[in-house]
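User: I'd like to learn how to read a few features in a structure file. Can you walk me through them, starting with the aromatic rings?

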Amino acid sequence: MFPLILSFITFVLFLFSKTASTSIPTTPLLFFSQIASLIGAVLLSFTFILSSRFNFLEKYFGSLDKVYKQHHLYGAMAFLFLISHPLLLTLQTFSSSLPTAIYLFPSPNLVYTTGVLALYSLIIFLTFTLLIKLPYHLWYLTHQLMGIVLIFALIHINFITSDVSRFPFLKIWIIIWILLALISYLYKKFFYIRFGPKFNYQVDQVQNINGLLDLYLKAVASPLKYHPGQFIFISFSQKNISSEFHPFSLVSTPDSPLLHLAVKVIGDYTGSLIGLQKNTPATIMGPNGRLYEAFETNQDIVLIAGGIGITPFISLIESEIINPKNRQISLFYSTQNIDAAFYHQKFLELAAKNKKFEYHPTFTDSKPRLTASTISSLTCLPAGRFLKSNFLLCGPQIMMESLKNQLLDLNVASQNIYYEDFSLT
């Protein structure tokens with residue numbers, strides 16, 4: 001909805017600019033190329049705002065992962081609009097005396113050249129983002145350079161002779177959005193990392209059990225305050241380990257003296273964490289995530305996890321057991337086999353001690369994949385209570401989307417289904 005509103009306002013202001021400049025001839029191709037560039041510039045600017053990690057954005061969209069999904073969506077839409085601009089102008093040159101190259105290649109005309117450079121920079125960066133799966137540090141670098149696109153675009157739009165330069169209201173609208181994008185970019189790059197909500201910790205213990213690292217950290221000064229089920233961004237200060245911030249779920253409960261992270265070793269970065277040494281400094285930013293909101297009601301809870309997606313549920317389950325409510329907590333955990341089921345024994349023990357907690361593991365090497373119908377048939381909840389439960393999903397994106405649709409088919413209300421995608425890139 002929001003991109004439609006932004007696009008509509010931009011389109012209306014553009015039409016007003018045309019009405020105010022009736023003496024300026026406009027061909028259909030020029031008209032559509034101009035409006036495409038303006039809408040694309042506004043949408044691109046909004047993607048920078050979405051990537052800033054402002055708290056109000058997470059509250060508005062529901063969770064940080066949803067903010068980043070909107071960021072990716074609007075970025076793709078902006079790219080389609082912006083690339084239409086030079087293509088339509090190039091088509092127009094076929095029926096006029098204008099040189100085609102000025103829209104496609106750098107030239108002595110600096111105003112046109114900044115537009116060309118903005119477009120090609122955007123193509124390069126979005127290709128790496130949307131089409132090529134880069135290692136995290138390279139992906140991060142391409143995003144750090146995205147400010148170049150904004151600078152080129154600001155120069156091009158501000159100085160080229162067009163409706164923007166002739167119609168003050170349109171110019172103000174476009175410049176405001178690009179400046180907001182630049183402010184967001186500078187905030188994220190220079191101020192958020194330096195002055196954001198930081199907490200200083202150090203490594204206390206590292207345990208490696210079958211490819212799962214249990215990291216325990218103790219606060220150096222003021223401890224992090226968080227809700228069960230939230231996640232953080234963390235950076236370690238140790239040689240041979242990247243200093244970039246990576247997201248991990250908090251396994252510990254808020255009243256625990258140590259922060260507990262569970263990290264599955266699946267790549268270069270997580271593999272390097274095996275070598276973490278005691279007392280290594282760690283910087284934490286956050287917390288993020290809003291899965292805990294489903295626990296603040298008195299409704300029954302159905303947790304559905306796949307693989308390492310179990311991690312945010314551990315603190316939720318333990319917090320519920322420490323401060324129980326009069327409701328049922330049902331955990332359905334799907335992994336390839338029993339060896340991949342992290343904390344399997346822990347859940348068996350909790351279920352044996354607590355009648356209000358039931359645990360249903362599914363190992364796909366010997367059973368069919370988990371479905372909503374299977375969950376409905378296995379849970380101890382009566383059908384009526386089951387459909388009114390809050391459902392929390394965490395695991396591979398395909399699994400979460402599939403189970404969400406299956407739950408909707410069973411007439412579970414969409415507002416009762418919660419999930420977050422922690423692969424934020």
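Analyst: Rings of Phe, Tyr and Trp (its six-membered ring) pair if their centres lie within 6.5 Å. Keep in mind that this is a predicted model. Here F46, Y74, W173 and W177 form one aromatic cluster.

User: How many aromatic pairs does the structure hold?

Analyst: There are 13 aromatic pairs. Take F48 and Y185: their centres are 6.2 Å apart, with 75 degrees between the planes, making the pair edge-to-face. F48 sits in helix α2 (residues 28–50) and Y185 in helix α9 (residues 168–195), so this pair ties together parts that are 137 residues apart in sequence. Both F48 and Y185 are buried.

Y333 and F347 are edge-to-face too, at 6.4 Å centre to centre and 90 degrees between the planes. Y333 belongs to strand β8 (residues 329–335) and F347 to helix α12 (residues 344–353), so here the parts tied together are 14 residues apart in sequence. Y333 is buried, with a relative accessible area of 1%, and F347 is buried at 1% as well.

User: Which residue lies over the face of F295?

Analyst: That's R327, at 5.1 Å from the ring centre.

User: On to sheets. What is the strand order in the open sheet of 6 strands?

Analyst: Read it across as β4-β3-β6-β1-β2-β5, with antiparallel pairing. β4 (246–249) and β5 (259–264) stand at the edges with a single partner strand each, so one side of each has no neighbour in the sheet. On average, neighbouring strands of this sheet are turned by 40 degrees against each other, ignoring direction. Zooming in, β1 (residues 198–209) and β2 (residues 212–219) pair in the antiparallel sense over 8 bridges, and N208 stands opposite L213 in β2.

User: What about disulfides: what does the count come to?

Analyst: A disulfide is a covalent bond between the sulfur atoms of two cysteines. With a cut-off of 2.5 Å between the sulfur atoms, the count comes to 0 disulfides. As for individual cysteines, C380 is partly exposed at 47% relative accessibility, while C394 is buried at 4%.

User: Last one: is L370 buried or exposed?

Analyst: Residues under 20% relative accessible area count as buried. L370 has 10%, so L370 is buried. You'll find L370 in the loop between β9 (357–363) and α13 (372–378). Leaving out residues up to four places away in sequence, L370 touches I304, F332, S334, T362, I375 and L403. A383 is 13 residues from L370 along the chain, and their C-alpha atoms are separated by 18 Å.

Notes:
Residues are numbered from 1 along each chain as its sequence is written. This is a predicted model: local features need pLDDT of at least 70, side-chain atom pairs count only at pLDDT 80 or more; totals for chains, interfaces and linings use all residues. Side-chain values use heavy atoms; hydrogens and water are left out. Helices (H or I, at least four residues) and strands (E, at least two) are DSSP runs, numbered from the N terminus. Buried means under 20% relative accessible area, exposed over 50%, partly exposed in between (1.4 Å probe, protein chains only). Contact means heavy atoms within 4.5 Å. Two strands pair if DSSP finds at least two bridges between them. Axes are lines fitted to C-alpha atoms, for helices over the stretch in contact, and angles run from 0 to 180 degrees between N-to-C directions. Rings of Phe, Tyr and Trp (its six-membered ring) pair if their centres lie within 6.5 Å; planes under 30 degrees apart count as stacked, over 60 as edge-to-face and the rest as tilted. A charge sits over a ring if NZ of Lys or CZ of Arg is within 6 Å of the ring centre and within 35 degrees of the ring normal.
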